[in-house]
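Please open the model in your viewer and keep the selection panel at hand. The tour begins with the aromatic side chains and then steps back to the whole chain.

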Amino acid sequence: MAFRDKTLRVPGPTTIAGRQLKRYHIDQPEVPLTPEVERAAYAVLPDLLPPADPTTPPAGWVVLHRGADTGAYLLAYTWFWDNVVRCRIAVAGQPALDCPDDDPTHFVPLDRLEVGCVWELGVLEHERVAWVRHVLAPDRPDLAGYLADSRAEGPVGR
């Protein structure tokens, strides 16, 4: 199968377990994210978030990605130690990643070392720059500016 971009949507930030998180959704016309997959993913999201780091604004971003087959992926990236990203992942519907079935709403934690695929990492590139621009570089961190600075919707992957 030839490589192609997927579609990135940005539903806006949310606050979960005391963390302010930007939200990114990646899907494709053949297998879009459904409301059922979104609800199931956000129900397990609190379990992926670590305790807040008192030296770092409680922020990060979430990528919810619907794969081309039965898989769905929820990646929770959070900032800690001021300039380091932590990633926790839950997967659904992907038996190759130890999911118990092919149900894209049955999310389970992924206890492997992955941090994202080429489509998800496009968001990470933007988030690193936004964090430096709004939180690390200014004299005073601008968390509201960081949360408002999302990658543009549209094609993602290249």
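In this predicted model, a search of the whole structure finds 6 aromatic pairs. Begin by selecting Phe-3 and Trp-119, whose ring centres lie 5.2 Å apart with the planes at 15°, so that the pair counts as stacked. This pair links distant parts of the chain, since Phe-3 sits in the segment before strand E1 (6-9) while Trp-119 belongs to helix H2 (residues 118-136), 116 residues apart. With a relative accessibility of 39%, Phe-3 is partly exposed, whereas Trp-119, at 17%, counts as buried because the cut-off for that class is under 20%.

Next, select Trp-79 and Trp-131, where the centres of the rings are 4.5 Å apart and the planes stand at 10°, so this pair is stacked. Here too distant parts of the chain are linked, with Trp-79 in strand E5 (residues 72-80) and Trp-131 in helix H2, 52 residues apart. Both Trp-79 and Trp-131 are buried.

Now switch to a cartoon of the whole chain and follow the elements from the N terminus, where the order is β-β-β-α-β-β-β-β-α-α-β. The radius of gyration is 15 Å, close to the 15 Å that the globule rule gives for 158 residues, so the chain is as compact as a globular protein of that length. Colouring by burial will pick out the buried residues, which make up 47% of the 158 in the chain.

Terms used: Residues numbered from 1 in each chain as written. Predicted model: local features only at pLDDT ≥ 70, side-chain atom pairs only at ≥ 80, totals over all residues. Heavy atoms only, no water. Helix = DSSP H or I, 4+ residues; strand = E, 2+ residues; numbered from the N terminus. Rg over C-alpha atoms; globule rule 2.2 N^0.38 Å. Buried < 20%, exposed > 50% of the residue type's maximum accessible area, 1.4 Å probe, protein only. Phe/Tyr/Trp six-rings, centres within 6.5 Å; stacked < 30°, edge-to-face > 60°.
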